Amino acid sequence: MSAVAQSEPLIGVRSQRWAPVLGALLALVLVAATAEIVLDAAAGLSPLIPKQPAIAGWLSPIGQRLGYRTFLIALLVGAGAYTGILVLTRAPALGAISKRSAIVLIAALHAIVFIGPILLSTDVFSYIAYARMGVEHGLNPYVHGPSAISTDPVFKYVGHDWRKVATAYGPLYTLLSYPLAPLGVDGAVWAMKLMATLASAGTLALTWRCARARDLDPVWAILAVGLNPLYIVYGLGGAHNDMVMLLAMMVAVALTIAPRASPGRQAGAAAVVVAGALVKATVAALLPFMIVSRRRVAPILGALGAVVLGALIGYVAFGVNGINIVAALNRDAAFVSTDSFANEIAHLFGKPGVFPIDHDLLKGGLVLIVLHLLWRTWRGYDWVAASGWALLAVSVTSTWLLAWYILWPLPLAVVSRDKRLLWATLVIQLLFVVHQISPLLASVQ
Amino acid sequence: MSTPPTPATTERFSSLPGWMRPRDVELPGLGQLRLIETTVLLLVGLLLAIATINDVARQVHVNQRLIADLRTWRSYTGHDFKNVSADQELFGPSSQREVVCGNTSAGAPKATTQICLLIWGPTVNGKRAVHGGWYLPAKVEDERSDRYGCFGSAAERLCSR
């Protein structure tokens, strides 16, 4: 009896001793894995890195050409370190990572990605092309694709699949990007990177605030979002406008879950969701859950006001095409990516890919999930969790799944009252990473 | 979820039956619903995990076939070039038949005359059988109208001249 009683504090003391050391080691591994990807990406000539201006040319002598093998190993190692840090930090008594260390670590990862090249996606060049179409060439990006400005210096960096495609992003984002057009391609890329980094910082600050408001561990919450390898490498590394969308999402959540959410705050929260949807439409998924959970007129009025104002601005700036978001969404919903779960399930059942009937089945499934979540929210379920589930369901049922889409529910998951959401989000992210590993097992060269 | 239950916040919905009235927080005793939800989630997760692993295994098989194709091209042409491309679209991705193209002499990809081989069949000693092929001029994609010098019976119907 006494031996047991003595051993427990002993283990506790030992744990408290090694936990910070292990935490620091895992943090170093995560930083090293991220730095490896960024430095090798800066060396250029990689099939993983889009053609781009040499914004990180000064880093190019340090790294080697980024191959699939190196990238995947770094991603898997980073994911392992991320998991280890989350497990260690789950027990605050261990003191594995302090508040200051967490912020420094997240800032370091952001800085490493910021100074490097654009990673893994050409999307940012589409954003710049749409801005330059409007500002430099007087063309409506909701009518024309970047091929209309084939002589523009940004055109050669736009992904082949998107050269004839008009923008699917909201008019607010397009207008936000317009001031960046006169900066030139290099300047606009840096500005886009800065915008994504600042949006991420804002998202993390609000994640902290929301976690604290809900009596959750804010350090753990920001580590779960800010160290997430997909968030850092794909989301931030690609300077995706999803980061701006996530910021709007978390502003709305923070306004709503404040201790005294006045009608004005609730109206403001709904208006911010609409503003976020005018950046990227997906975030509109939060609105029905927010309205159903509040059962007040204020969020409805806030949303309606923002819709009217946004539609007016979109119409004045871009005409009727600028407010026809449904058409753009329908067009994108028809795309199929190799990483989509729908495509994987089709292969599992011996089909070569996704057929139109599958799109309808998936949409039907999504509608059922949303209806169930709305009913649960009506009956008192946490609306933040319901919104997170809805975003996760959108990404899982989408036939066009990209890594940064499975980031959408993450900030909601860490501040939600249903821990199953975080588990589900992380499992989906893990499956996405696992789906990338075939070049590790058989590399075609 | 530990917050104690409270009645619905407004009187507006008091005419609704109890099971339909809105609530600010969930009632305790929803364990069965959560159990059903969790079971469904686990089953969906299992399906997605199986589909993912199946797809990785499928892609590994494709990669192994492509590795054999590239090895076959290098052995057949005697050129150990790095930039050799394999096209799965001509016969369809599920046909396991590939068109593998590369330069006939050293240079940047497609900078010189190219030779394309039609490859299929089982992998034997790391290689597969060549069933024909054609040449392409420099700097063109593999279009039927540009193919010439076709050889092998399998290539006849795929060539224009």
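## Exercise 1: A bridge between chains

A:Asp418 and B:Arg34 form a salt bridge, with their closest N and O atoms 3.9 Å apart. (A salt bridge is a side-chain nitrogen of Lys or Arg within 4 Å of a carboxyl oxygen of Asp or Glu.) This is a predicted model, in which local features need pLDDT of at least 70 and side-chain atom pairs count only at pLDDT 80 or more, while totals for chains, interfaces and linings use all residues. Residues are numbered from 1 along each chain as its sequence is written, chains are lettered from A and ligands numbered from 1 in the order in which they are written, and side-chain values use heavy atoms, with hydrogens and water left out.

**Task.** Work out where A:Asp418 and B:Arg34 lie, and which residues are joined with them into one network.

**Solution.** 

Step 1. Locate the two partners. A:Asp418 sits in the loop between helix H17 (410-415) and helix H18 (419-435) of chain A, and B:Arg34 is in helix H1 (residues 31-77) of chain B, so the pair joins two chains. Helices (H or I, at least four residues) and strands (E, at least two) are DSSP runs, numbered from the N terminus.

Step 2. Follow the shared partners. Salt bridges link A:Arg376, A:Asp418, A:Arg420, B:Glu26, B:Arg34 and B:Glu37 into one network.

Step 3. Look at A:Arg420. This residue forms a salt bridge with A:Asp418, the closest N and O atoms being 2.8 Å apart. A:Arg420 also pairs with B:Glu37, where the closest N and O atoms are 2.9 Å apart.

Step 4. A:Asp418 is buried at 1% relative accessibility, A:Arg420 is buried at 14%, and B:Arg34 is partly exposed at 29%. Here buried means under 20% relative accessible area, exposed over 50%, and partly exposed in between (1.4 Å probe, protein chains only).

## Exercise 2: The whole interface

**Task.** How many residues of chain B are in contact with chain A, and how much area do the two chains bury between them?

**Solution.** 

Step 1. Count the residues. On the chain B side there are 40 residues in contact with 33 residues of chain A, contact meaning heavy atoms within 4.5 Å.

Step 2. Find the area. The size of an interface is often given as the accessible area lost when the parts come together. For chain B and chain A about 3300 Å² is buried, 60% of it on carbon and sulfur atoms. (Buried area is the accessible area, with a 1.4 Å probe, that two parts lose on being put together, summed over both.)

## Exercise 3: An arginine in a strand

**Task.** Is B:Arg128 buried or exposed, and which residues does B:Arg128 touch?

**Solution.** 

Step 1. B:Arg128 belongs to strand S4 (residues 127-136) of chain B.

Step 2. Read the accessibility. With a relative accessible area of 6%, B:Arg128 is buried.

Step 3. List neighbours. Not counting residues up to four places away in sequence, B:Arg128 touches several residues, among them B:Arg65, B:Asp69, B:Glu98 and B:Trp120. A polar atom of the B:Arg128 side chain lies 3.2 Å from the backbone oxygen of B:Gln96.

## Exercise 4: Two spots in chain A

**Task.** Where does A:Pro229 lie, and where does A:Val320 lie?

**Solution.** 

Step 1. Start with the proline. A:Pro229 is in helix H8 (residues 229-236) of chain A and is buried, with a relative accessible area of 11%. The C-alpha atoms of A:Pro229 and A:Leu76 are separated by 8.9 Å, although the residues are 153 apart along the chain.

Step 2. Turn to the valine. A:Val320 lies in the loop between helix H12 (297-318) and helix H13 (325-333) of chain A, and is exposed at 54% relative accessible area.

Definitions and conventions. A polar contact is a pair of N or O atoms within 3.5 Å; within protein, one must be able to donate a hydrogen and the other to accept it, and residues adjacent in sequence count only if both atoms are side-chain atoms.
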